[in-house]
Amino acid sequence: MAASASSRRVAIVGATGNIGTSVVDALRGDTQVEAITALSRREPPEQGRGVRWERTDVQEDDLVGRFASVDTVVHLAWLFQPTHDPVTTWRNNVLGSIRVFEAAAAAGVRHLVYASSVAAYSPGPGGRSISETWPTHGWPAAAYSREKAYLERFLDAFERQHPDIRVVRMRTAFCFKPESAEQQRRLFIGPFLPNSLARPELLPVLPLPTGLRFQAVHSDDVGEAYRLAILSDSRGAFNVAADPVVDFSALADLLQARPAAVPAPLVRAVLAAAWNLHLVPASPDLFDAFLRLPMMDTGRAREELGWSPRRSSTQAVADFLRGLRSATGDSSPPLRSPLPGGRLEELRTGVGQRP
């Protein structure tokens, strides 16, 4: 592992979300972390020991000033909604991220760790896993994938312009923990799925799109991967995922149900109709990108960072299902459960419309 002897003063942009809360927990109490500044649009109910919070909007606020006292910036902030308004997500996710990167350089930050994604990758080769050298052109029709791919290109130029800044790109699989389940339901499934349907006894048959395969990882294991990357001297991209690949049989085992293959075009057609009617937040273009994701080889993270997930991918999905059944949530604003007004408020503000 490429370890560093120096301590770190870390600013985490987007510290209250699924991965952000896990990164804060991983860094808190580490003797090599001198200070943690948590930045987010919405104030958490409590800052917690060893963490200083500042309200921050990446599109508007003075980021250079917020980074003046740190040597490491971790950028996690991202908007998944409104899914019917890609200009809004582009302004926040792409232009806001560029403001973060440029402010880090202007403030003299030495280490930049950015939350990329498996969705930044071009469609996979099929039959084999890919390393960090696989092209990152994303799937152009899906806003999330397109935005992640654009920022990969921006960082290519940024690294050439700022060779003194160590840039790390964390390309993670789907990240799950019980506390994030309700947020993920709101972001991708919407208000019409009863949490009780995550119970095995209620799903004797599980309809799934043909060709379904994806990688998952527990969010707390991702937090540990970030901690190791922050404290290392390594540069470049790291694939982060747990074994095994989640497929038909794995999901059927988790839900104790019999899988039933449904043609992917039929699933897409139903999803497109529901999205156009504002019944679900996830777009059919995101479904297209999901079916084309490559399977990632995580050898570099394991060998160079010394990272090893404590939980399997199926344990991570099982934790998500458990959190969905119980609507666990957390105290941070993005993970709160239930939201004020509950599902009626989700409907009132527009499914897939809430930033």
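User: Between which two helices is the loop that holds serine 283?
Analyst: The model is predicted: local features need pLDDT of at least 70, side-chain atom pairs count only at pLDDT 80 or more, and totals for chains, interfaces and linings use all residues. Residues are numbered from 1 along each chain as its sequence is written, and side-chain values use heavy atoms, with hydrogens and water left out. Helices (H or I, at least four residues) and strands (E, at least two) are DSSP runs numbered from the N terminus. On that numbering, the loop with serine 283 lies between α8 (264-276) and α9 (284-291).

User: Is serine 283 buried or exposed?
Analyst: With a 1.4 Å probe and protein chains only, a residue under 20% relative accessible area is buried, one over 50% is exposed, and one in between is partly exposed. Contact means heavy atoms within 4.5 Å, and, leaving aside neighbours within four places in sequence, serine 283 touches Leu271 and Trp275. Its relative accessibility is 13%, and serine 283 therefore counts as buried.

User: What term describes how α1 lies to α6?
Analyst: The axes of the two helices come within 8 Å and cross at roughly 55 degrees. Angles under 35 degrees count as roughly parallel, over 145 as roughly antiparallel, 65 to 115 as roughly perpendicular and the rest as oblique. The term for α1 against α6 is therefore oblique.

User: How many nonpolar residues are in the contact of α3 with α4?
Analyst: Helix α3 (residues 86-106) and helix α4 (residues 143-161) pack at about 20 degrees, with axes 11 Å apart, and are therefore roughly parallel to each other. Residues that meet include Trp90 and Phe101 in α3, and Tyr150 and Phe154 in α4. Ala, Val, Leu, Ile, Met, Phe, Trp, Tyr, Cys and Pro count as nonpolar, Asp, Glu, Lys and Arg as charged, and the others, Gly among them, as polar. By these classes the contact of α3 with α4 has 3 polar and 3 charged residues, while the number of nonpolar residues is 11.

User: Which residue in β11 is the bridge partner of alanine 216?
Analyst: An open sheet of 3 strands, with mixed pairing, has the order β7-β9-β11. Its edges are β7 (174-176) and β11 (242-247), each with a single partner strand. Strand β9 (residues 213-218) runs antiparallel to β11 and is joined to it by 3 bridges. The partner of alanine 216 in β11 is alanine 242.

Definitions and conventions: Axes fitted to C-alpha atoms, helices over the stretch in contact; angles between N-to-C directions. Pairing = 2+ DSSP bridges.
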